[in-house]
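Keep the structure open beside the text as you read.

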Amino acid sequence: MKIASWNVNSLNVRLQHVLEWLQTAKPDVLGLQETKMEDSKFPVEAIEAAGYRVVFSGQKTYNGVALLVRGDQPPEDVHRGILNFEDVQQRAIAGTVNGVRVINLYVVNGEAVGSEKFEYKMRWFEAMRAWVAAELERYPKLVVMGDFNIAPEDRDVHDPKRWKDKILCSVQERDALAALSGLGLHDAFRLKHEEDGQFSWWDYRLAAFNRGWGLRIDLTLVSDALKDTVVDAGIDVAPRTWERPSDHTPVWVEIA
């Protein structure tokens with residue numbers, strides 16, 4: 001079972017990219033972030049024509065998440081948003097596929113350490129952690145994936161000195177991510193790959209992709225019950241080379 005995550009930075013702009021990747025990569029589940037699309041405009045017919053069922057939670061211009069599942073059976077027990085956290089921003093969706101609970105997240109960026117948006121990020125993350133803890137009790141087989149807007153370690157950053165204590169790399173953010181992992185979640189990529197210099201996001205500015213100036217902020221986390229079933233995990237850099245790409249590229253985990 002191949003489960004993937006991709007911040008597409010506007011599904012309206014990159015629908016053809018998604019359809020092409022579905023055809024070539026053939027994920028069983030794909031979580032999208034930053035669809036930036038109202039539900040009434042979601043391209044359900046195009047997704048279904050590609051062989052996938054889809055559930056989504058969107059809004060105009062900003063945010064938006066979706067879960068695509070290959071085959072005729074849509075995800076079960078779908079939940080939109082974070083339990084017990086009132087928020088107009090559409091950043092979370094969950095569903096169960098073949099007995100595996102999948103939570104797809106678009107974590108708040110936070111703008112700058114100490115800003116109001118940063119404080120919102122920390123509140124959002126704590127509420128999300130509480131929700132994930134509850135989901136783990138119901139569903140031991142759990143995958144939490146998405147754009148986390150946090151680089152877990154310095155080896156996930158092209159220039160740790162430049163990014164030290166900055167947004168995406170601050171101690172507060174990394175501590176929050178570690179607390180989430182402390183529930184019994186494991187970074188699937190790091191279960192299979194120890195090397196540094198592996199990134200999933202490159203800023204559009206300063207030719208960052210061509211220079212290798214990236215961060216690994218898109219993650220697939222697997223629960224204790226799934227840890228030993230991980231066959232492989234990776235980052236597909238190819239879509240970042242396509243015309244008019246997202247600034248993120250797909251990440252994936254394959255479980256037996």
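Planes under 30 degrees apart make a pair stacked, over 60 edge-to-face, and the rest tilted. Before going further, some housekeeping: this is a predicted model, in which local features need pLDDT of at least 70 and side-chain atom pairs count only at pLDDT 80 or more, while totals for chains, interfaces and linings use all residues. Residues are numbered from 1 along each chain as its sequence is written, and side-chain values use heavy atoms, with hydrogens and water left out.

Take F42 and F56: their ring centres are 4.1 Å apart and their planes sit at 5 degrees, so this pair is stacked. It ties together distant parts of the chain, with F42 in the loop between β2 (29-33) and α2 (44-49) and F56 in strand β3 (residues 52-57), 14 residues apart. Helices and strands here are DSSP runs numbered from the N terminus (helices are H or I, at least four residues; strands are E, at least two). Both F42 and F56 are buried, a word that stands for under 20% relative accessible area, with exposed meaning over 50% and partly exposed in between (1.4 Å probe, protein chains only).

The C-alpha atoms of K2 and A256 are separated by 8.8 Å, though the two are 254 residues apart along the chain. A256 is in the segment after β14 (251-255) and, at 81% relative accessibility, counts as exposed. Setting aside neighbours within four places in sequence, A256 is in contact (heavy atoms within 4.5 Å) with T229 and V231.

What volume does the largest pocket have? About 840 Å³. A pocket is found on a 1 Å grid over the protein atoms alone, as an open set of points with protein on both sides within 12 Å along at least five of seven lines; a cavity is a set where a 1.4 Å probe fits but cannot get out, and lining residues have an atom within 4 Å of a point. Points are joined across faces, edges and corners, and the volume is the space filled by probe spheres set on them.

The largest pocket has 35 lining residues, and W201 is one of those that lie nearest its centre, along with N109, E111, N149 and L168. Both α3 (116-138) and α4 supply at least two lining residues each. The lining splits into 14 nonpolar, 10 polar and 11 charged residues, where Ala, Val, Leu, Ile, Met, Phe, Trp, Tyr, Cys and Pro are nonpolar, Asp, Glu, Lys and Arg charged, and the others, Gly among them, polar.

The second largest pocket holds about 150 Å³. Its lining includes P152, E153, D187 and L219, and α5 (171-181) gives the largest share, 4 residues. By class, that lining has 5 nonpolar, 1 polar and 4 charged residues.

D187 and L219 turn up again in the lining of the largest cavity, and so does W252.

N84 is not a glycine, yet has a positive phi of about 65 degrees; N84 lies in the loop between β5 (76-80) and β6 (92-97) and is exposed at 76% relative accessibility. A207, also not a glycine, has a positive phi near 50 degrees. Look for A207 in the loop between β10 and α7 (208-211), where, at 40% relative accessibility, A207 counts as partly exposed.

Notes. Phe/Tyr/Trp six-rings, centres within 6.5 Å; stacked < 30°, edge-to-face > 60°.
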